[in-house]
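Hi everyone, thanks for coming. Have a look at the sequence and the model, and then I'll walk you through a few spots in it.

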Amino acid sequence: MTRETPTDASALRRRERELLALLRQWAKDNKRRADTKTQIPLDAVLKAFRTIRNRNPEGEFEPAVLDGCLKVLEQNGLIKAFQDRTPETVSLPVSIWLLPEDRPVRPQEPMPRWHHELSWLAREWQRATPKQRTAYTALNLWRKSDPDLFAVPIRERALEIFGTFGSEADFPMPEKTFDELKSGPLFSDPDRLDEVIRTFRPPPPLLTETFPLEEADGRYWRVGTGDVLLVVENSTTWWSLVKCLPEQHRLGYVAWGLGGTFRASVRAITAEHRISEIRYFGDLDLSGVRIPLKASHTASQLGLPAVQPTEKLYEVLLDLGRPRNAKEAPANAAEATQLASWLPAQHRADIVGLLMEGKRLAQEWVGYRYLQRNTDWYADVR
C-alpha cells in the first residue's frame, strides 16, 4: 500500500537507501528540480542499481531483486512505478517517477471573510493554488479597504493592490503580478478581472526605428510643437502621462524609454527635431537612475542637451510610493551619492538611503488617477 507521505530514507535498508541516493543523484546530474517529480527510464535505473556495493544476487535473479527494491521505495512514497512493464518473466516498470524530496509545507491560508463582491471566490478556494490564494487574499483586503475605484491601467492597480496588501516574498514585483498570474477563474478571464478591480489595459506604443516628425504609433509620440522631449521609462506611465497632459505645455514629444533602451535610442534625436531640453521620469532604483545618466553621457557626446530629471514627478513618487526590495544589490555610499546627484537636491538624502538599502520605487505609483486629479506636476512639462 502506497504511503501518502514519504518515509525518512534513513529508515530503509542499505540497498534501497543506496539506490534512492543514486536515483536522486541521476536527477541532479540531469538538472531536474528536487521539488518536482522526475521521470527516470529503466536503463538509468538498472545502471544505478548495478553500481550498488554487494547487491547480490546477480544474473537471472537481478530483475527480481531490483523489482523488490523498487516496490519497497514505492510503498514508502519515494517513487511511483509506471504501469507499463517489460515483457520478461520477471517484469520491471519501463520507467519510474522519482517523487519530490520532503520540503517544508507552507501552512494553508484560512479562507478570508470575503467582501460581498468577491464572495463567489469561496467556491474556488479549495481548488486554488497557493499563489492564487495569496493573490485572492490581497485582492480581498484591498477591496475591503474602501479603495478609490476610479478606473486605472492594470499595472497601476496591481501595484496598488499587491504593493500595499501583498508581501514582498509573494509579490516581489507587484506591478507585474497580472502579467504572470493567468490561471484560475478570475485571473484567466481578462474582462472579468477588469470589471472586478476596475481596470483597463492601455497598449504600449509600437516600436519603430525612426524618430517621427508627425504623430505616429512609435515609441516617440508627438504631442505638440514644443522643444522639450519627455522620456518615460515604462509604458503604462507613458500612456498615463500622454493622456493627462495639460492643454498648455512645452512638449514636442513624449517617448517610451523602454527600460535601458533609452541609452541607445537617444542617438535617434537629430537637429531637425528642434529639441532644446530632454527630461526623464523613471523608477527610483539603481538601474532607473543609471539609465538617464548614461543616456545623458551619450547625448553630450552627440552635442544634444543633457538629460534632466522631472523634479515634481520624482517628488510625488517619493511621497506616494511604497519601497520594495530591488533586484540589484544595494549600492555603496559612494555610488549612491554619485547617482543621487542627478536628482533634485532636496531629495538626494532620501534617494541615497533608498539605494543603499537596496530598495526601489516603481514609477507606476504616480498613476493615471493622480495625474488626472492634480496639476502640480504640470511644472515638469512647462
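**The core and its rings**

Okay, let's start inside: the largest nonpolar core has 56 residues, and Phe262, Ile278, Leu284 and Trp377 are the ones that touch the most other members. A nonpolar core here is a set of buried Ala, Val, Leu, Ile, Met, Phe, Trp, Tyr and Cys residues joined through side-chain atoms within 4.5 Å. Buried means under 20% relative accessible area, exposed means over 50%, and partly exposed is in between, using a 1.4 Å probe and protein chains only.

Before I go on, keep in mind that this is a predicted model: local features need pLDDT of at least 70, side-chain atom pairs count only at pLDDT 80 or more, and totals for chains, interfaces and linings use all residues. Residues are numbered from 1 along each chain as its sequence is written, and side-chain values use heavy atoms, with hydrogens and water left out.

So what does tryptophan 377 touch? Skipping neighbours within four places in sequence, tryptophan 377 contacts Leu241, Cys244, Leu245, Pro246, Lys312, Leu313, Tyr370 and Leu371, where contact means heavy atoms within 4.5 Å.

Now, aromatic pairs: there are 15 of them in the structure. Rings of Phe, Tyr and Trp (its six-membered ring) pair if their centres lie within 6.5 Å; planes under 30 degrees apart are stacked, over 60 edge-to-face, and the rest tilted. Phenylalanine 162 and phenylalanine 171 make a tilted pair, 4.6 Å centre to centre with 35° between the planes, and both are buried. These two also belong to a cluster linked by ring pairs, along with Tyr136, Phe178 and Phe187.

Why does the pair of tryptophan 239 and tyrosine 368 count as tilted? Because their planes are at 55°, with the ring centres 5.2 Å apart. This pair links distant parts of the chain, with tryptophan 239 in helix H9 (residues 235-244) and tyrosine 368 in helix H15 (residues 368-373), 129 residues apart. Helices (H or I, at least four residues) are DSSP runs numbered from the N terminus, as are strands (E, at least two). Both tryptophan 239 and tyrosine 368 are buried.

**Charges over rings**

The charged end of lysine 37 sits over the ring of tryptophan 97, 4.5 Å from its centre. Arginine 373 lies over the face of phenylalanine 150, at 4.8 Å from the ring centre. The cut-offs are NZ of Lys or CZ of Arg within 6 Å of the ring centre and within 35 degrees of the ring normal.
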